[in-house]
Amino acid sequence: MKTIVIATKNAGKVKEFEHMFGSQYKVESLLEKKIDDIPETGVTFEENAIIKAEAVRDHLNCTVIADDSGLEIDALDGRPGVYSARYAGENKDDEANMEKVLQELKHIPRDRRSARFVCVLAVALPDGSVHTFTGTCEGEIAEARAGTNGFGYDPVFYLPGYKKTMAELNAEEKHRISHRGRALEKLWAQGRKLLLDS
Ligand SMILES: O=c1nc[nH]c2c1ncn2[C@H]1C[C@H](O)[C@@H](COP(=O)(O)OP(=O)(O)OP(=O)(O)O)O1
Ligand SMILES: [Mg+2]
């Protein structure tokens with residue numbers, strides 16, 4: 001089976017990529033590789049995805065996919081955005097991040113709680129090229145947490161069409177509509193050749 005390296009230390013992402021790449025690839029991640037933390041110095045998801053993919057490609061000399069993603073809340077002018085992972089502090093605490101968002105939106109009514117998840121996948125190839133694919137998922141910030149599936153901000157991300165939070169969907173349902181699922185769908189449609197040729 002072919003191996004694909006995902007430049008992430010986020011166990012929630014790894015689980016989703018294992019699910020989505022399914023039977024076709026063996027997924028490897030930075031959880032089992034000795035690579036120093038890569039400073040995410042970009043100001044866009046695209047910049048950070050490229051930084052992570054290129055750093056690991058340059059280290060391992062193989063095709064690498066990186067995922068930079070986060071939550072944009074309209075009432076907060078797009079925050080936490082690229083700072084989603086460290087919104088409540090350097091230790092990347094999902095619970096504290098959700099609490100901060102809920103507090104900031106405490107007095108914001110339902111019709112002004114719109115938000116979206118954004119995911120940019122960057123594929124860095126050994127030939128030096130890099131290719132990006134973007135997916136988004138529209139929703140609202142719930143008034144309280146619900147659900148235990150997924151990771152990150154999923155318990156506070158409400159999908160009006162499903163009357164559920166992202167954390168109340170099962171893995172298949174999430175992948176069908178999520179920012180990550182949609183970005184991967186584009187990679188699959190437009191960039192699959194990149195993976196097959198590398
Ligand atoms: O499907 C998702 N469901 C809920 N929350 C999500 C999702 N996708 C991203 N998120 C949140 C988690 C984290 O707060 C931030 C990603 O930050 P981001 O820098 O891309 O990832 P990270 O630092 O956790 O791991 P790494 O850079 O090693 O891939 O957005
Ligand atoms: Mg990160």
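Colleague: Where in α5 is the kink centred, and about how many degrees is it?

Modeller: Bearing in mind that this is a predicted model, the kink in α5 is centred on G191 and comes to about 75 degrees.

Colleague: And how far does α5 reach from its first C-alpha to its last?

Modeller: Helix α5 covers residues 179-197, which is 19 residues, and it reaches 26 Å from first C-alpha to last, close to the 27 Å expected at 1.5 Å a residue.

Colleague: Which residues of α5 are buried, and what covers them?

Modeller: The buried residues of α5 are H179, R180, A183, L184 and L187, and what covers them includes helix α1 (11-21) together with the strands β3, β4 and β5. As a general point, an α-helix has 3.6 residues a turn, so residues three or four places apart point the same way.

Colleague: Changing topic to the sheet, in what order do the strands come?

Modeller: Seven strands form an open sheet in the order β2-β1-β3-β4-β5-β6-β7, and the pairing is mixed. The edge strands are β2 (25-29) and β7 (164-165), each of which pairs on one side only.

Colleague: How many bridges join β3 to β4, and how many join β4 to β5?

Modeller: β3 and β4 run antiparallel and are joined by 10 bridges, with A122 in β4 as the bridge partner of A66. β4 is also antiparallel to β5 (residues 130-141), and 11 bridges join that pair, where S114 has E140 in β5 as its bridge partner.

Colleague: What sits between β4 and β5?

Modeller: The two strands form a hairpin with five residues between them, and G128 in the turn has a positive phi of about 95 degrees.

Colleague: What does A122 touch, not counting residues up to four places away in sequence?

Modeller: With those residues not counted, A122 touches A49, I50, A53, A66, V130 and T132, and among these A66 is the residue already mentioned as its bridge partner.

Colleague: Is D68 buried or exposed, and why?

Modeller: D68 counts as buried because it has 27 C-beta neighbours inside 10 Å, where 20 or more are needed. Leaving aside its neighbours within four places in sequence, D68 is in contact with F45, N48, A49, K52 and V120.

Methods. Residues are numbered from 1 along each chain as its sequence is written. Chains are lettered from A and ligands numbered from 1 in the order in which they are written. This is a predicted model: local features need pLDDT of at least 70, side-chain atom pairs count only at pLDDT 80 or more; totals for chains, interfaces and linings use all residues. A residue is buried if 20 or more other C-beta atoms lie within 10 Å of its own, exposed if 12 or fewer, and partly exposed in between; C-beta atoms are placed from the backbone. Two residues are in contact if their C-beta atoms, placed from the backbone, lie within 7 Å. Two strands pair if DSSP finds at least two bridges between them. Helices (H or I, at least four residues) and strands (E, at least two) are DSSP runs, numbered from the N terminus. The expected span of a helix is 1.5 Å times one less than its number of residues. The bend at a residue is the angle between axes fitted to the seven residues ending there and the seven starting there.
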